Amino acid sequence: MKIFSNSYSKHLASKVASKIGVDVSLVEKKAFPDNEQRIRILDTVSGEEVVIIASTGSHPDEFYMELFFIIDAVRRGGASKLTLVIPYLAYQRQDHIFRDGESVSLDVIISTLERLGVDKFVTFDLHSIKIPELFSVQVSHLSALPLFAQEIKKIGLENSFLVSPDLGGIRRIKILSEMLSNLPIAEITKNRDLESGEISSTQISGAMGDRAFIVDDVISTGRTISASVNLLREKGVSDIYVFATHSVFSNNASEILSKSNIHKIFVTDSIEMTMDKKIENLEVLSISDLIVSEIQK
Ligand code: R5P
């Protein structure tokens with residue numbers, strides 16, 4: 001098995017490769033004078049099973065162009081099977097038309113990746129469980145929830161409850177609740193302005209307690225988490241923890257989160273936690289073991 005990485009996932013690819021006992025195969029990335037990317041793989045792949053680990057961060061367009069070229073190079077090199085581990089599938093939130101005239105960006109991404117010849121996709125905590133249905137090849141939709149359950153057990157279940165910061169996340173916290181002996185759950189109703197992204201009003205229903213565990217798939221601007229924390233504080237919750245699989249952390253998300261009076265934030269290494277994004281009370285859990293088990297199946 002040969003493991004390749006894009007430039008945004010060396011952190012994760014090296015963990016996976018060392019657990020499997022191989023080196024990460026090198027990719028040379030240069031640029032033409034007009035800034036077009038020039039990609040070349042520096043390993044032979046003929047007849048080999050290839051895994052590409054490709055995280056994305058806050059530069060999805062550059063990320064996808066690089067990934068398209070790595071896949072093409074691997075295919076042209078004669079790989080027998082290509083598995084794409086794309087821990088955070090950028091553009092997944094535009095999975096349908098919200099307002100007239102919009103593009104369905106996710107559809108464009110999936111059809112391009114499939115056209116390039118990916119045999120299997122491995123991804124984590126998609127925004128919607130319906131997304132795998134949009135692919136025509138095999139998708140393994142994995143989750144960081146088991147990692148979150150372990151941490152929540154260590155923190156303690158007494159007087160605690162799980163919170164979904166929006167209605168779309170209810171299924172996620174129900175699954176997590178089952179892993180935690182049916183820990184009570186609460187749901188927040190969030191209203192986001194589709195034009196500006198502003199969150200205008202929120203309300204909460206369900207369980208209450210002293211300690212809340214907010215669980216989300218992604219933190220982008222941090223506004224969803226910040227609004228949820230404010231609401232929980234208004235309701236008198238004293239101890240608030242946040243769990244999110246994907247730390248996109250766009251714009252000033254780190255600043256918003258660090259001012260949000262959160263006891264601790266847990267994210268995963270599905271996206272690299274670079275120094276500019278890091279905040280004091282943040283811990284990064286690794287999804288590398290989950291990837292290793294999946295690609296060794
Ligand atoms: C939305 O439905 C997702 O589950 C997240 O809550 C959302 O994408 C987080 O975005 P932001 O951090 O920008 O509020």
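**Helix packing and salt bridges**

Modeller: Let us begin with helix H1, residues 10-20, whose buried residues are His11, Leu12, Ala13, Val16 and Ala17. Please bear in mind that this is a predicted model.

Colleague: Which elements do the buried residues of H1 pack against?

Modeller: They pack against strands S1 (2-5), S2 (24-25) and S5 (49-53), and against helix H8 (288-295). Just after H1, Gly21 adopts a positive phi of about 90°.

Colleague: How many salt bridges does a search of the whole structure find?

Modeller: Side chains of opposite charge can pair when their charged atoms come close. Here the search finds 21 salt bridges. One of them joins the side chains of Lys29 and Glu62, at 3.5 Å from N to O. This pair links distant parts of the chain, with Lys29 in strand S3 (residues 27-31) and Glu62 in helix H2 (residues 60-76), 33 residues apart. Lys29 is partly exposed, at 35% relative accessible area, and Glu62 is partly exposed at 37%.

Colleague: Where do Lys154 and Glu151 lie?

Modeller: An α-helix has 3.6 residues a turn, so residues three or four places apart point the same way. Lys154 and Glu151 both lie in helix H4 (residues 145-155), 3 residues apart, and their closest N and O atoms are 3.0 Å apart in a salt bridge. Lys154 is exposed at 62% relative accessibility, whereas Glu151 is buried at 9%.

Colleague: Are Arg172 and Asp216 buried or exposed?

Modeller: Both are buried. Arg172 and Asp216 form a salt bridge, with their closest N and O atoms 3.7 Å apart. Arg172 lies in helix H5 (residues 170-179) and Asp216 in strand S12 (residues 211-219), so the pair ties together parts 44 residues apart in sequence.

Key:
Residues numbered from 1 in each chain as written. Predicted model: local features only at pLDDT ≥ 70, side-chain atom pairs only at ≥ 80, totals over all residues. Heavy atoms only, no water. Buried < 20%, exposed > 50% of the residue type's maximum accessible area, 1.4 Å probe, protein only. Helix = DSSP H or I, 4+ residues; strand = E, 2+ residues; numbered from the N terminus. Contact = heavy atoms within 4.5 Å. Salt bridge = Lys/Arg side-chain N within 4 Å of Asp/Glu carboxyl O.
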